[in-house]
Amino acid sequence: MSEQAVVPIIDISPLFGSDAEKRLATANLIGKACADIGFFIIVGHQVDPSIVENAWTSTRQFFDNSLDYKMEFVKPQHEYPFGYSPIGGEVLSAGKAAENANAETKSVNHPDLKEMFSLGPKDPKAGFPERLFPNQPAEFAQHYEVYYETLATLAREILKAFALTLQLEDENFFEQFVDHHASALRAIHYPAITADSDAVLPGQLRASAHTDYGTITILKSDGPGLQVSKDKFPPTWYDVPHVADGFVINLGDLMRRWTNEKWLSTLHRVVIPSSEVSAAWGITNSGLLTEATASTNENSNTPTSEAEAAALNFDAARKLAHNEVMSTKRRQSMAFFHNLNRDAVVSCILREEGEVAKHEPIVAGDFLMQKHLASVQAAASK
C-alpha cells in the first residue's frame with residue numbers, strides 16, 4: 001500500500017464556499033480519513049503563504065541563536081509550560097506510556113533529538129501566564145502572534161467540518177468548548193544528523209513514537225521524516241507524504257475519546273534518515289483527493305484518478321530515492337496543537353441507537369497536563 005493512499009491529500013477549499021453539498025462532501029472525506037488513519041493532508045486552506053514564511057524565517061533565526069540565549073527562555077514547567085526546550089528535553093513516547101502500557105513506547109525511551117520553542121494562548125481566560133517572546137529576531141513576537149491566530153481560525157473551520165461529517169445538529173457545536181482555548185504553537189528544530197552517527201543512541205529518534213493529546217494538530221514541515229502507524233504492536237510504519245504548500249492534520253487522543261473511538265489518534269514519529277536512504281523524495285499537490293477523484297477502479301492496473309496516479313508516482317519516486325545519497329540537512333517544523341478550554345468537560349458523542357460510552361467524562365485541561373508532564377519528566381530522569 002502506498003503512503004499517499006494511507007494518508008490522503010484533501011482539497012478543503014469547498015469548506016470556505018456556500019455550496020452546502022460540496023461542503024458536506026469535503027467534510028465526509030475528512031471524516032473517512034479520521035476513521036481510517038487519523039491523519040490527512042490539506043491544501044486549499046486559504047492561509048496566506050507570507051504568514052507561514054514570516055513565522056518560518058523567525059523560527060530559524062531564533063534557533064540559530066546561541067544556546068546561552070535560548071536557555072533564557074527555559075522556565076519551570078509548573079509555572080510556564082512553554083518557552084524553550086533544549087535537545088534531549090523531551091521524551092514524547094512517555095506521554096503515550098502514561099496512557100497505556102504499549103510495548104514499543106516502554107522499550108525505547110531515549111530523549112528526542114530536537115530542540116523546541118513553544119507558545120501558549122494570549123487570552124487571559126485560557127488560564128496561562130503572559131507570553132514570553134525572544135527579541136532576537138526583533139519580528140519574532142509579531143510573526144508568531146499572527147501565525148498562531150491564523151491557525152486557530154483554520155482549526156475552527158476543520159472543527160466545523162467535523163461537526164458536519166459527525167451529523168451533529170449544529171456545525172458550530174465545538175465552538176462552546178473553544179472560546180478560551182488552550183492551544184499551543186510549537187516550533188521544532190531537528191539538527192542535521194544521520195542514524196549511523198556516534199551521537200545517536202540505539203533506538204533514538206528525532207521524535208519518539210507517540211500520539212498527540214488534544215483535538216487536532218496542524219503541522220507544517222520542510223521535508224519528509226514523519227511516519228505513521230496504526231496503534232498496534234509491532235507497528236507498521238508508513239511515510240507521510242511531504243506536500244510543500246499543505247498542512248498535515250492529525251487527531252489527538254482527546255478527539256478519539258470524544259468520538260467514542262470511532263476516530264483514531266494514530267501513533268507517529270519522526271525518524272532519523274539513514275545515510276543510505278535519500279530524503280529527496282516527496283510529492284506536490286498533483287495528488288489531491290477531491291470529491292471527483294475519491295474513487296478508483298480496483299479491477300484495473302491503470303490509474304483512474306489523479307489521486308491514484310499521484311500515489312503510483314510517489315512510490316516510484318521513493319524507490320528511486322533509495323538509490324541516492326542521503327542529505328543530512330536540518331529539519332524544521334511548526335506544530336499547532338489545538339486544545340479545548342482547560343475547563344471543558346468532554347463526554348463521548350453518542351450518535352447511534354443503543355451506543356454505550358467507552359469513557360467517563362473528563363476535564364480537558366487535566367488530561368492534557370498529565371500527558372505533557374509525563375513527557376518532560378521522563379527526559380529529566382535521563
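**Exercise 1.** With the side chain of which residue does the side chain of Glu115 make a polar contact of 2.7 Å?

*Solution.* The model is a predicted one.
Step 1. Locate the residue: Glu115 lies in strand β4, which covers residues 115–119.
Step 2. Identify the partner: the side chain of Glu115 makes a polar contact with the side chain of His189, at 2.7 Å.
Step 3. Note a further polar contact, of 2.5 Å, between the side chains of Glu115 and Tyr84.
Step 4. Consider the wider surroundings. Leaving aside neighbours within four places in sequence, the residues in contact with Glu115 include Phe63, Lys70, Pro86 and Ile188.

**Exercise 2.** Decide whether Glu115 is buried or exposed, and classify Leu67 likewise.

*Solution.* Step 1. Recall the cut-offs: buried means under 20% relative accessible area, and exposed means over 50%, with partly exposed in between.
Step 1. Glu115 has a relative accessible area of 5% and is therefore buried.
Step 2. Leu67 has a relative accessible area of 48%, so Leu67 is partly exposed.
Step 3. Place Leu67 in the chain: this residue is found in helix α4, residues 67–70. Together with Met71 and Val74, Leu67 makes a nonpolar surface patch of about 230 Å².

**Exercise 3.** Determine what span helix α2 should have at 1.5 Å a residue, and compare this with the distance between its end C-alpha atoms.

*Solution.* Step 1. Helix α2 runs over residues 20–36 and has 17 residues.
Step 1. The expected span is 1.5 Å times one less than the number of residues. For α2 this gives 24 Å.
Step 2. The end C-alpha atoms of α2 are 24 Å apart, which agrees with the expectation.

**Exercise 4.** State how many helices and strands the chain has, and what share of its residues is buried.

*Solution.* Step 1. The chain has 10 helices and 14 strands.
Step 1. Of its 382 residues, 55% are buried.

Key
Residues numbered from 1 in each chain as written. Predicted model: local features only at pLDDT ≥ 70, side-chain atom pairs only at ≥ 80, totals over all residues. Heavy atoms only, no water. Helix = DSSP H or I, 4+ residues; strand = E, 2+ residues; numbered from the N terminus. Patch = residues over 30% accessible without salt bridge, like charges linked within 9 Å, V, L, I, M, F, W, Y side chains within 5 Å. Areas by Shrake-Rupley, 256 points an atom, 1.4 Å probe, with all protein chains shown as cover. Salt bridge = Lys/Arg side-chain N within 4 Å of Asp/Glu carboxyl O. Buried < 20%, exposed > 50% of the residue type's maximum accessible area, 1.4 Å probe, protein only. Polar contact = N/O pair within 3.5 Å; in protein donor to acceptor, adjacent residues only side chain to side chain. Contact = heavy atoms within 4.5 Å.
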